[in-house]
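Hi everyone, thanks for coming. Let me put the model on the screen, and then we can walk through a few side chains together.

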Amino acid sequence: MAIAMKWAIACVTCACAFVAPVAARAERVTLPVSSSPLPGSGFQGGDGDQDDYADWGTAQSYGYMVYDQSDPDDADGDTVFAAGSRELEPGRWDLLTREDAGTQPAADLGHAWCAIEERGPEVFLNAAFLRAGDGDAHIVLDLSRMGGGWYNGHNGIPCRSTGDLVVSLDRDGSQTSAAVQVWETTSYSPYSGCAATGVLRDVPDVQAGIDVQGAFNAASIPNHLPGAPATIDPGRFGELSINLSSIQRRVPYPDGGCFSYQSLWPHTRASTSDDAALDDIVDQTWLQPRNCSAWGTKFDDINGNGVQDAGEPGVPGVRVWADYNQNGEFEDYEPWSVTDDQGHYRIEGIRQFYQLREEMLSGQGRDGWVCSFPAY
């Protein structure tokens, strides 16, 4: 019999007032093509393909959980932003479904994939996109603290709030660049708490290859991700990796630098302007990148494959703790949690580098158990 640990890596009424924001352009960093992961990461997110190292083609074998967000142009139509929807005015956003794409192929997202990677206190977001065509592109990822949708006169509007992270991946001609910004609400709906208007503030000193990397495929590439064709034509595949922890350390928050997001929703817009018109949108994915907690599931991995299959029960009564001094012994000052009846645990308040350790508290003992995942 074996115990496996399934890691949570993968890796949202009318407004009370309207304040006309001043349009601006974000501070951008040019992204060179690179086959090296960001420092501290094990994921290759800057070469525009899916092969080699720990990349999209090998993500699951390296223990990443990949989430697939799809918005294909099919018989049900494509969900897009209605005319008049602009980046800084969520109170005026509207979504509609069209039988055709309703937007230029370069701005038409059919799929978006993402995976969260946690390595000690560092949390990385890896994302990839499939477009309907080549050409200039302005793809935006919103990391939402509130998640869910709200009613601004239209249903299902993504909910923004102060502190949301907004990251764009842009292609202009042969140059790829990125911008990392934080949303600040200037007016909001009193009924939902969601932003009606706001501004985007640049995160200072973002460095290419250190904090963020990304690329589009320059040539045709084989596809390993669900929902996409076996071969992806040039320029249609884009990827982006960002060190959320290093970014958040530059943003002043009253919670001591801790962050916790609820969902991720990708969309496209017409230009790099902060107040650009919005084009296409992909349904949000519920995932929780956070840097001050760790969570997962202990389960009886009967077949030893490292995945919790049907009929494999959770293991209760296991203390899991953040081993700050890495001595393998639980100390009173080290954050901890005990698995529940389903084997779930969540440890809050982690403030420094750690390794997760475990010990049985339920009298089951350790004899005969081995760890099948992770294998190190």
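Let's start with a question: is Ser144 buried or exposed? Ser144 is buried, with a relative accessible area of 1%; buried means under 20%, exposed over 50%, and partly exposed in between, with a 1.4 Å probe and protein chains only. A word on the source: this is a predicted model, where local features need pLDDT of at least 70, side-chain atom pairs count only at pLDDT 80 or more, and totals for chains, interfaces and linings use all residues. Residues are numbered from 1 along each chain as its sequence is written, and side-chain values use heavy atoms, with hydrogens and water left out.

Back to Ser144: its side chain reaches the backbone oxygen of Cys159 at 3.0 Å.

Now, the aromatics. Searching the whole structure turns up six aromatic pairs; Phe, Tyr and Trp rings (six-membered ring for Trp) pair if their centres lie within 6.5 Å, and planes under 30 degrees apart count as stacked, over 60 as edge-to-face and the rest as tilted. Take Trp93 and Trp265: the ring centres are 5.7 Å apart and the planes are at 75°, so this pair is edge-to-face. Both Trp93 and Trp265 are buried. Trp321 and Phe330 are edge-to-face too, because their planes are at 75°, with centres 5.8 Å apart. Here Trp321 is buried at 2% relative accessibility, while Phe330 is partly exposed at 21%. There is also a cluster, where ring pairs link Phe43, Trp56 and Tyr64.

How values were computed. A polar contact is a pair of N or O atoms within 3.5 Å; within protein, one must be able to donate a hydrogen and the other to accept it, and residues adjacent in sequence count only if both atoms are side-chain atoms.
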